[in-house]
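Biologist: Could you walk me through how the helices pack in this protein, and what sits on its surface?

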Amino acid sequence: MEILLLRVCLAPCLVLLVSVVARRLGPRRGGQLIGAPTSTGPFLLLMCSTYGPGPAARAAHGCVTGTLVVVCFGLAYARLAPVLRPAWTLLTALAGAATAGLAGALCGSVLLTAGLTVAVIFAGLATRPSGDRGPRPTNRARAWEIPMRMAVSALMVLGAVATARALGSFLGGVLAALPILLAVMGTALHRSAGASVAADLMRGALHSTAGTLCFLLVLGTALVPLGPAPAFLLALAALTTAHPLVRLSLPALRGRPAPGR
């Protein structure tokens, strides 16, 4: 019951927070918040306290597959948003992400899934166009849009929870990491503010999912041998280390000198 309440309440709260952050600091910062383990972290903590380290570690490995789904969705949406309508962009990105998730779930190797996730992250970040692509629309969300996004995200999470209840910890972890918030926020921003704003949201999510992936891998590996407290501390250390490493590596991937050189 606690896990259900957390996941149902957390999703609309995060939608509200991301909407405020995207309005105040820009869509890329909002995307970074979505890509961080703001939902999977509390979910795994409750899994560990309720079912023990073993099922929580299995759920963390499922979240790695869910992260592959997130990055494939973000990459596809960012590429397709300038040329397709929001509904078609969403459907096409979801289809591509579902195919990637199925491949990740069937491959049987969490390291192989993680390697593919890293490749997609850097492909999306290293090949993005430089500079702005023109003036961005400045339409503000209508008063009813943010509550509607919150309600849609809560309903989507309820559906995922109902599906995951009988599927075990691994598939529960996959469903916990699905890009529900990214789909809701991306489509809403695409409609109200334009394709470039939605693409920026997706790129922000791609940037922070590298740290989330490190967090999940360390947690899934360390929970059983070390116990919950040391495992979560190591996972948080990996999360905070990954973000600056990704930022430093991007100029080299794009063929530019690193900052300060």
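This is a predicted model: local features need pLDDT of at least 70, side-chain atom pairs count only at pLDDT 80 or more; totals for chains, interfaces and linings use all residues.

Biologist: How are helices H3 and H4 oriented to each other?

Modeller: Helix H3 covers residues 40–51 and helix H4 residues 53–80; helices are DSSP runs of H or I with at least four residues, numbered from the N terminus. Their axes lie 7 Å apart at an angle of about 155°, where axes are lines fitted to C-alpha atoms over the stretch in contact and angles run from 0 to 180 degrees between N-to-C directions. Since angles over 145 degrees count that way, H3 and H4 are roughly antiparallel.

Biologist: Is Tyr-51 buried or exposed?

Modeller: Tyr-51 belongs to helix H3. Buried means under 20% relative accessible area, exposed over 50%, and partly exposed in between, with a 1.4 Å probe and protein chains only. Because its relative accessible area is 52%, Tyr-51 is exposed.

Biologist: How far apart are the C-alpha atoms of Tyr-51 and Ser-169?

Modeller: Along the chain, Tyr-51 and Ser-169 are 118 residues apart.

Biologist: At what angle do H5 and H9 cross?

Modeller: Helix H5 spans residues 86–107, and helix H9 spans residues 180–193. Their axes come within 9 Å, and the crossing angle is roughly 155°.

Key: Residues are numbered from 1 along each chain as its sequence is written. Side-chain values use heavy atoms; hydrogens and water are left out. Helices (H or I, at least four residues) and strands (E, at least two) are DSSP runs, numbered from the N terminus. Angles under 35 degrees count as roughly parallel, over 145 as roughly antiparallel, 65 to 115 as roughly perpendicular and the rest as oblique.
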